[in-house]
Amino acid sequence: MPLLYVEHMTRFFGGLRAVHDYNFKIEPGEIHGLIGPNGAGKSTIFNLITGVYKPTEGSIHFRGKNIIKYPSHKIAALGLGRTFQNLRLWRHMSVLDHIKMAQFSQITYGLIGAFFDTKKRNQQEEENTEKAIKIMELVGIGKLTDQLVPNLPYGLQRRVEIARALAINPKLLLLDEPTAGMNSEELQDLVNVIRHIHDKLGVAILLIEHRMKFVMDLCERIQTLDFGEVIAEGSPEEIQNNPRVIDAYLGKEVKI
Amino acid sequence: MKATGSLPAGRSKFKIYRDKLLAPYIQVPVLGWLAGLLISTLLETFIGPYLAMVLGMSDVPALFGFTVVLKQPVLIPGVIIYLLIIYVLPIAIGARLTKSLANYIAGKLQQYPFWISAVIHIVLLYVVINTWAVMNDYRVLLAKLIMIAVIVTLSLNVINGYMGEFSCSHPGFIALGAYTASIITVLFFVNDSVLGAALLPPVLAPFLFPVALILGGLMASLFSLLVAVPAFNTRGDYLAIISLAFTFIIKSLLENLQIFGGARGFMNQPNLATLPVVFLWTVLAVWIINNFVRSTLGKALNAVRDNETAANAMTVDTKKTKMTAFMFAAFWAGIAGGLFAHVMRYVNPGSFGIKKLAEVLAMVYFGGLNSVIGSIVGAVGFNLLSEMLRPLEIFKWIIIPLLLILVMIFRPTGLIAFKDFDPKKLLRAKNKKEEDK
Ligand SMILES: Nc1ncnc2c1ncn2[C@@H]1O[C@H](COP(=O)(O)OP(=O)(O)OP(=O)(O)O)[C@@H](O)[C@H]1O
Ligand SMILES: [Mg+2]
């Protein structure tokens, strides 16, 4: 059974068909890529899978469950982590609190613990802090605990987003243009970080990316989207040599 | 660190002098300040009245002499001398002299469970407040009202600060708590013309009072759903308008409920909200609310405020979080209302309108959003200021808004905003260098 299984998913925004008859399948531990020109519908697909928007038609199964009616936070708690194309961090919260917040659904001390500062609450908060710091170290931001996110450089903010998504214990991680705004040095770092978390945690990853080298390096399979439809699908080599892809996408902005 | 660092060029003499003056006080722990305050209040109890007489005042100046000075400017030198002898010097000298002892005790206390140290500090604080207040009835009343204001401000800060929504329903919640608790205590312990003879002997009253207060809080919580359900089920900023409507509805509802006195109000509440009772409820409120906002469940409010989509994507049940926090805040507003009704021993719907709302909002925004300390400072500062300026009558309502505007200009989120309040850190000994974090 695939980890995530999307069938015939379509979404309209008014008259605009942002995603049309989209199908997708990913097995545990795989890394897939999603590419396509601006406005092709890539981020919309992420938002549909994570429940931010609901599809007009189609079905989504995650870990064997039909999640079409699930609210966003429940889908996340099932093990679907994500980052956002335009960073969505909490500007008044420390880095550590970001990571700990993503453990929200794992908290069992309840309101009693929240109000009365019980032993159970303190234990759990402490354990969560330790777990959070491990995750931060994994992503290479272990020393930033008390910093507020607006004070961090862009590249580190992106890592905070990844660390935060990892803290929900994901089985599948959706990364929306994780390299946006990064220089080539930060880029190489990020490739290593992603490889590292993939090898270490065994999470499946689906990433949206514009930088071809990055996609080709990391992904086993790639889908190309144009005007909300998949125009090509296959291994990196197949995609690179596909005439429709070259025509619609690669031909215009040669980034390889 | 500050005191020994090299002085940057261009620092004024005044600043250097000020730093020199304040340097010894950096190491005074809270316990030391409490000792200073205790000495000061005891001094006032014993020599205050005589000193006041010698200095030409008819009685001990009730509120640091402001009222006196504004009415009789000739007494300015006398008031200044009084303030120096009774407050400034004893606190300054007391804090300094007891510094090492206080640090020693605070350090020792750190070896025991935290609650022991907390209880000792709280008891001391109560003794200070009590000694200061019992000098006259006005001070007792003011102290009670200020503490109630602390509860109200803190609870509104949970919504308007921590959660970042704009709610106007607090007067309604306070009214619900006030009326519910009043009805219960009057029904059970007072021979009332409408609610009938007392049902229970008055000795039980102090024990049932907490129950009445809690029921008042729960009533406010329950009614808060009328606001929360429509406001948080839609995405958008409907809360302000719905909550404002709520406050008006509750007010006119009470005005039309003739059985509870209608617009004339409801009175005869038994005298149950004594100074220690109000103090204990305030401590409880501060403790519980602070616990809540420092837990991950409470911090979820910040996540919801700063980016709700991200909060959802990180498994935060945002709707439940908002609802819980709103009901929680309403509960404490209700408790405050119950206390208020039994302090005044009279309530009328008129006191829970727009004016109350303006006052509560002012305290929250003046003290600082997203900050427990800020709310305490806001409530205490605002009320003291408002009382001290009372003799100015109409000008008071020019000065206070002006001050608020100044705060908003220079500190848009309030005096002490976005500050974490860690009681363990606060009560620590201050003589050691920060060796362990
Ligand atoms: N909430 C929305 N309401 C209306 N239209 C939307 C909404 N979200 C996306 N769209 C439209 O859907 C189309 C697909 O947008 P989407 O953000 O998914 O593109 P994308 O492939 O992620 O592009 P980019 O590479 O620029 O990030 C665009 O035409 C966009 O304007
Ligand atoms: Mg996009």
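This is a predicted model: local features need pLDDT of at least 70, side-chain atom pairs count only at pLDDT 80 or more; totals for chains, interfaces and linings use all residues.
Local features need pLDDT of at least 70, side-chain atom pairs count only at pLDDT 80 or more, and totals for chains, interfaces and linings use all residues. Residues are numbered from 1 along each chain as its sequence is written, chains are lettered from A and ligands numbered from 1 in the order in which they are written, and side-chain values use heavy atoms, with hydrogens and water left out.

**View 1. The shell around ligand 1.**
Ligand 1 is surrounded by 14 residues, each with a heavy atom within 4 Å of the ligand. The closest are A:Gly39, A:Lys42, A:Ser43, A:Thr44 and A:Gln85. Strand 2 (16–26) and helix 1 (42–49) of chain A each supply at least two shell residues. Helix 1 of chain A gives the largest share, three residues. Helices (H or I, at least four residues) and strands (E, at least two) are DSSP runs, numbered from the N terminus. By class, the shell has five nonpolar, seven polar and two charged residues. Here Ala, Val, Leu, Ile, Met, Phe, Trp, Tyr, Cys and Pro count as nonpolar, Asp, Glu, Lys and Arg as charged, and the others, Gly among them, as polar.

**View 2. Oxygen atoms of ligand 1.**
A polar backbone atom of A:Gly39 is 2.9 Å from an oxygen atom of ligand 1. For A:Lys42, a backbone N or O atom lies 2.8 Å from a ligand oxygen. A:Thr44 uses a polar side-chain atom, 2.5 Å from an oxygen of ligand 1. The protein covers 65% of the 630 Å² of accessible area that ligand 1 has on its own (Shrake-Rupley method, 1.4 Å probe).

**View 3. Chain B against chain A.**
The contact (heavy atoms within 4.5 Å) takes 33 residues from chain A and 29 residues from chain B. About 2800 Å² is buried between the chains, 68% of it from carbon and sulfur atoms. Buried area is the accessible area (1.4 Å probe) that two parts lose on being put together, summed over both. In chain B, the residues losing the most area to chain A are B:Thr296, B:Met314 and B:Thr315, together 25% of what that side buries.

**View 4. The salt bridge between chains.**
One salt bridge is counted between chain B and chain A. B:Lys299 pairs with A:Asp97, with the closest N and O atoms 3.2 Å apart. The cut-off is a side-chain nitrogen of Lys or Arg within 4 Å of a carboxyl oxygen of Asp or Glu. Helix 12 of chain B gives the most to the side touching chain A, with eight residues. That side has 13 nonpolar, ten polar and six charged residues.

**View 5. A salt bridge within chain A.**
A:Glu125 and A:Lys100 meet through their side chains in a salt bridge (2.8 Å, N to O). A:Glu125 is in helix 5 (residues 119–139) and A:Lys100 in helix 3 (residues 95–101), 25 residues apart. Over all chains, the count is 16 salt bridges.

Definitions and conventions:
A polar contact is a pair of N or O atoms within 3.5 Å; within protein, one must be able to donate a hydrogen and the other to accept it, and residues adjacent in sequence count only if both atoms are side-chain atoms.
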